[in-house]
Amino acid sequence: MEPRIVSRFSCGAASAVATKLVLAEYGATRETAVINAFIEQEHPDNRRFLTDCEQWFGVPVTVLRDTKYNASTVEVFRRRMYMAGRTGAPCTKFLKRELMDAWGKPDDVWVLGYTAEEGKRLDAFLDANGSRRVLTPLIDRGLGKADCLAMVERAGIELPAMYRLGYQNANCIGCVKGGEGYWNKIRRDFPSQFEELATVQELIGPSAYLFRDRKTGERYSLRDLPPGKGRYQDEPDIECGVMCEMAERELAAA
Ligand code: SF4
């Protein structure tokens, strides 16, 4: 029997289009599944988007929810005492990757939602996961991020609120992988979430600081981020990293 095809749906536009394309191609002939990891800090509108996408996909999405940390990034940071490390962010590891890995089967074929602009991320993934069989429907068709946004809208689905607020993804509100411009936008748009993350960062101490002063090399906290610093529109897009972190972890161990 052919192995199952699994899409790890993130509530992002690229992930939605990749899932839709694969279901359209294989849904009638192969066992398929769509899974998602719920995270407390995501915008609540991500759940509306997931429900709309279920209608579009024509299949239900299996939602996994961590219970050890109440599916909360803040809880992970507080209890693990770090926010980002050399091998990635603890929130991705404990709230998504481990949960999804435990649910999966070793021979599952994974649907990767890398867009045409993300060939290097795919290469890194393949270098580190040579035995994992994957489908890359967006890259195969030359579909970029803008194409995916347009395809979702053309399907009559409203994009997640975070995109409509000017973010490049539907990640958590206050993603530890964001740059200075991103965090200044979060401080303006979501002051209470910013405050909660700044407080937990202070509690952990300097090892949790996310930024470095380019001149002195010193690390500094969210609270010390100068307003107006960073240009979000010029910062690279951030991905939660379930895929690329796996690759980076393997590379670090090699
Ligand atoms: S989106 Fe960012 S903050 Fe949320 S789980 Fe992923 S890496 Fe962590």
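A search of the whole structure, which is a predicted model, finds 12 aromatic pairs. Rings of Phe, Tyr and Trp (its six-membered ring) are counted as a pair if their centres lie within 6.5 Å; planes under 30 degrees apart are called stacked, those over 60 edge-to-face, and the rest tilted. One of these pairs joins Tyr167 and Tyr182, whose rings are edge-to-face, with 5.9 Å from centre to centre and 75 degrees between the planes. The pair links distant parts of the chain, 15 residues apart: Tyr167 belongs to the loop between helix H8 (161-164) and helix H9 (180-189), and Tyr182 to helix H9. Helices (H or I, at least four residues) and strands (E, at least two) are DSSP runs numbered from the N terminus.

Tyr167 has a relative accessibility of 4% and therefore counts as buried; Tyr182, at 1%, is buried as well. Here, buried means under 20% relative accessible area, exposed means over 50%, and partly exposed lies in between (1.4 Å probe, protein chains only). Tyr167 also pairs with Phe190, in a tilted arrangement with 6.4 Å between centres and 40 degrees between planes. Because Tyr167 lies in the loop between H8 and H9 and Phe190 in the loop between H9 and helix H10 (191-204), this pair ties together parts that are 23 residues apart in sequence. Ring pairs link Tyr167, Tyr182, Trp183, Phe190, Phe194 and Tyr232 into a cluster.

Charged side chains also meet aromatic rings. The charged end of Lys185 sits over the ring of Tyr167, 4.6 Å from its centre, and that of Arg132 sits over the ring of Trp110, at 4.0 Å from its centre. A charge sits over a ring if NZ of Lys or CZ of Arg is within 6 Å of the ring centre and within 35 degrees of the ring normal.

The next topic is the nonpolar core. In soluble globular proteins, nonpolar side chains tend to be buried together. A nonpolar core is a set of buried Ala, Val, Leu, Ile, Met, Phe, Trp, Tyr and Cys residues joined through side-chain atoms within 4.5 Å. The largest one has 32 residues, of which Phe77, Met83, Tyr182, Trp183 and Ile186 touch the most other members. Two or more residues come from each of helix H3 (73-80), helix H4 (90-103), H9 and H10, and H10 gives the largest share, 5 residues. At least three residues are drawn from each of domain 1 (5-160 + 241-253) and domain 2 (180-234), with bounds from an automatic or database domain assignment.

Which residues lie around the ligand? They are Ile39, Cys91, Thr92, Asn171, Cys172, Cys175, Val176 and Cys240, where a residue is near a molecule or strand if one of its heavy atoms lies within 4 Å of it.

Two residues deserve a look for their backbone. Most residues other than glycine have a negative phi. Ala71, however, has a positive phi, near 55 degrees; this residue is in the loop between strand S3 (62-64) and H3 and is buried, at 0% relative accessible area. Met81 likewise has a positive phi, near 60 degrees, and is placed in the loop between H3 and H4. With a relative accessible area of 42%, Met81 is partly exposed.

Residues are numbered from 1 along each chain as its sequence is written. Local features need pLDDT of at least 70 and side-chain atom pairs count only at pLDDT 80 or more, while totals for chains, interfaces and linings use all residues; side-chain values use heavy atoms, with hydrogens and water left out.
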